[in-house]
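The following note collects points for a colleague who is examining this structure. Each point takes up one region or one feature.

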Amino acid sequence: MPHYKLTYFPVRGLAEPIRLCFHYAGEKFEDYRVPKDAYGALKPLTPYGQLPILEVDGHQLVQSGAILRYVARKFNLIGKNEWETAKADEIWSFFYDSMRAHIRYTHFKGGKPDFPEDTEDSLYSTNFLPIAQKSLSVYSKFLREANSGFALPGGLSYADFVIAEHVQTIENLDPNLAATHPDLLDYKRRIHALPQLHNYLASRPHSVG
């Protein structure tokens, strides 16, 4: 059995869909969450000065999308055919762009503003709201078109973990906005209710994003 070690910050962020793949598959892995005061020393030792990093028997794989797709392939969560695999990648890419686009507001609400001049009102209206509204609409469209109860017609994939976690982040940041899409809140609850995820989700540390 390979030894997996996932290194990331003590938040959900870009690593949470990876964690959910491991837990859904029942695959043991070391979930190392770098303490805030330890990252400064770790950063120059990473290949690109970034996290997450997945180590497989000591071999490193970096970049969140590459790690997620690698793990999803290992655990048959990549889609049922080439087209679904491509659509899952599309969903991931949209999620990544959206998360990065409203990261300043997420950081602000998480208690670590990126810039001293940032204020909640200005960031909400310019950095968060338009991106979150678009994201919710796009995710609803994906679910309607799949018509399977999941992000893809063929059933559960890593794309479901991606969407569910972004919906969770938006709900954490603005519950009233998330409530305008009850379909997505129901979907998120259903994904999070998967029995394979129960123990982890019941005990995972809270983070805004």
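1. Helix 1 and helix 7 are oblique to each other. In this predicted model, the axes of helix 1 (residues 16-25) and helix 7 (residues 158-173) cross at roughly 130 degrees and come within 9 Å. The assignment follows because an angle of 65 to 115 degrees would count as roughly perpendicular and one over 145 as roughly antiparallel, with the rest oblique. The crossing of helix 1 past helix 7 is right-handed.

2. Which residues make the contact between helix 1 and helix 7? Helix 1 contributes E16, P17, L20, C21 and Y24, while helix 7 contributes Y158, F161, V162 and E165. By class, seven of these residues are nonpolar, two are charged and none is polar.

3. UniProt, in an unreviewed entry, lists residues 2-79 as "domain: GST N-terminal". That stretch is 32% helix and 22% strand in the model, with 23 Å between its end C-alpha atoms. The record also lists residues 81-209 as "domain: GST C-terminal", likewise from an unreviewed entry. Residues 81-209 are 71% helix and 0% strand, and their end C-alpha atoms are 31 Å apart.

4. T7 belongs to strand 1 (residues 4-8). T7 counts as buried because its relative accessibility is 5%, and the cut-off for buried is under 20%. Apart from neighbours within four places in sequence, T7 is in contact with Y32, V34, L42, L51, P52, I53 and E55.

5. Two of the residues in contact with T7, L51 and P52, are joined by a cis peptide bond with omega near 15 degrees. P52 itself is placed in the loop between helix 2 (39-42) and strand 3 (53-56).

6. D57 sits in the loop between strand 3 and strand 4 (59-62).

7. N147 also has a positive phi without being a glycine, at about 55 degrees. Its place is in the loop between helix 6 and helix 7. Is N147 buried or exposed? N147 is exposed, because its relative accessible area is 69% and the threshold for exposed is over 50%.

8. D118 occupies the loop between helix 5 (103-109) and helix 6 (120-146). Although charged by class, D118 is buried, at 9% relative accessibility. Setting aside neighbours within four places in sequence, its contacts are R104, F108 and L123.

Conventions: Residues numbered from 1 in each chain as written. Predicted model: local features only at pLDDT ≥ 70, side-chain atom pairs only at ≥ 80, totals over all residues. Heavy atoms only, no water. Helix = DSSP H or I, 4+ residues; strand = E, 2+ residues; numbered from the N terminus. Buried < 20%, exposed > 50% of the residue type's maximum accessible area, 1.4 Å probe, protein only. Contact = heavy atoms within 4.5 Å. UniProt positions renumbered as here; feature names shortened; annotations may be inferred. Axes fitted to C-alpha atoms, helices over the stretch in contact; angles between N-to-C directions. Parallel < 35°, antiparallel > 145°, perpendicular 65-115°, else oblique. Left-handed = near helix turned anticlockwise from the far one by under 90°.
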